[in-house]
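Have the viewer open and follow along.

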Amino acid sequence: MTDAIDAKFHPRVFSGVQPTGNLHLGNYLGAIKRFVEMQDVCDCVYCVVDLHAITQPVSVWGGPKQLASNIREVTAAFLAAGIDPVRHIVFNQSRVPEHAELAWVFNCIARLGWMERMTQFKEKAGKDRERASLGLFAYPSLMAADILLYKATAVPVGEDQKQHLELTRDIAQKFNNDFAESIRDHGFGDAFFPMTAPLIHGPATRVMSLRDGAKKMSKSDPSDLSRINLTDDRDTIAQKLRKAKTDPEPLPSEPAGLEGRPEAQNLVGIYAALAGRTTADVLAEYGGAQFSGFKSALTDLAVDKLGPMGAEMKRLVADTTHVDGVLAAGAERAAAIARPVMDGVKDVVGFLR
Ligand code: AMP
Ligand code: TRP
């Protein structure tokens, strides 16, 4: 289910995952699985965004030891899912200082009003906004820097990142407008930064909590029963799916019948995404079935797809030499792309170097 994207128009893909622990099925279906699919189409840069992880209180990301181990865990998930760090680039963000450097320039381009509208900031900051970090407020500006530092035009993400990608376009556009003359004078033509397209497609762009069909599956949900973690074993997956909230009706035989049934929609979407099938196709097979039977089919499918990946993740997490080597080598290759772009930004803005 790869998007019909043309490599000619999308020379580079970029995406990132925060090392904040509890990698789950939503991260896999909404993001990591899509990263793997893009590898045959484009040059890809996949980043463990550790600078983003520290925007929340230390108690949320767990402190220095936890951060280091979470960085390795996300890297292990990338590799176990099938991302090839030789053909593509895998690294952690803090190793390439140009991310923070370009984010500063973008902090001076983006407007307070734009940031005020970000729903993720509102959700994460909660009621006590005064206590949120300045970094959390500027989070989308760092995200724009991540993408534009590589002049990436295609970004596979889950549905929750759509607003941030719209803001990335606004920042690119304003930079291109504010410095239009300098951009031309320095030989960069009409636009320094390209426009970025989000890649948000398929049946699992927003995987919901197994306990509440109105809430997103999330790393930070206090109930572990709400999510399937990528390292869960068969018994845990089976138990979580057995306990997953449903309604009393049997499954409908067409997608329209899922309307108003968020829990059913979620489980069918998960099945379709794991199997690489459409929702309609899955319902053509399971329409009329009771949830008990469907849940056990879903358990088999999930164990089949996630089991080998979880085992490989555990193996890789223990092999820190290998994982650290991948990140270090990836960072050098990332920097080789990022540095000249940042030099161009400096010339365009008028910094002497
Ligand atoms: P994060 O863990 O916030 O860094 O998210 C990493 C990637 O997973 C992003 O592309 C998110 O959009 C995606 N993602 C996170 N939660 C979900 C979810 N419940 N359903 C689908 N995609 C998700
Ligand atoms: N904000 C993204 C998330 O929470 C992670 C991220 C950081 C990202 N930089 C990015 C995603 C650049 C895509 C591109 O999921």
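## Polar contacts of ligand 1

Start with N27: one of its polar side-chain atoms lies 3.2 Å from an oxygen atom of ligand 1. Keep in mind that this is a predicted model, and that the distances here are computed from it.

How much of ligand 1 does the protein bury? On its own the ligand exposes 480 Å², and 92% of that is buried by the protein.

## The shell around ligand 1

Zoom out a bit and you'll count 18 residues surrounding ligand 1, the closest being Q18, G158, D160, V207 and K219. Sorted by class, that shell holds six nonpolar, eight polar and four charged residues.

Which helix supplies the largest share of the shell? That's α1, covering residues 25–38, with four residues. As for where ligand 1 sits, the space it takes is the largest pocket.

## Polar contacts of ligand 2

Now for the other ligand. Here the polar contacts to look at come from side chains. Y139 has a polar side-chain atom 2.6 Å from a nitrogen atom of ligand 2, and an N or O atom in the side chain of Q161 is 3.0 Å from a nitrogen atom of the ligand. Q18 works on an oxygen instead: a polar atom of its side chain lies 3.1 Å from an oxygen atom of ligand 2.

## The shell around ligand 2

Ligand 2 has 13 residues around it, with Q18, Y139, M143, D146 and Q161 as the closest. By class, the ligand 2 shell splits into seven nonpolar, five polar and one charged.

Where does ligand 2 sit? The space it takes is the largest pocket, which is also what you get for ligand 1. Two elements give two or more residues to the ligand 2 shell: β1 (12–17) and α8 (134–148). Of the elements, α8 gives the most, with four residues.

Notes. Residues are numbered from 1 along each chain as its sequence is written. Chains are lettered from A and ligands numbered from 1 in the order in which they are written. This is a predicted model: local features need pLDDT of at least 70, side-chain atom pairs count only at pLDDT 80 or more; totals for chains, interfaces and linings use all residues. Side-chain values use heavy atoms; hydrogens and water are left out. A residue is near a molecule or strand if one of its heavy atoms lies within 4 Å of it. A polar contact is a pair of N or O atoms within 3.5 Å; within protein, one must be able to donate a hydrogen and the other to accept it, and residues adjacent in sequence count only if both atoms are side-chain atoms. Accessible areas come from the Shrake-Rupley method with a 1.4 Å probe; for residues, only the protein chains shown count as cover. On a 1 Å grid over the protein atoms alone, a cavity is a set of points where a 1.4 Å probe fits but cannot get out, and a pocket is an open set with protein on both sides within 12 Å along at least five of seven lines; lining residues have an atom within 4 Å of a point. A molecule sits in a cavity or pocket if more than half of its atoms lie within 2 Å of its grid points. Ala, Val, Leu, Ile, Met, Phe, Trp, Tyr, Cys and Pro count as nonpolar, Asp, Glu, Lys and Arg as charged, and the others, Gly among them, as polar.
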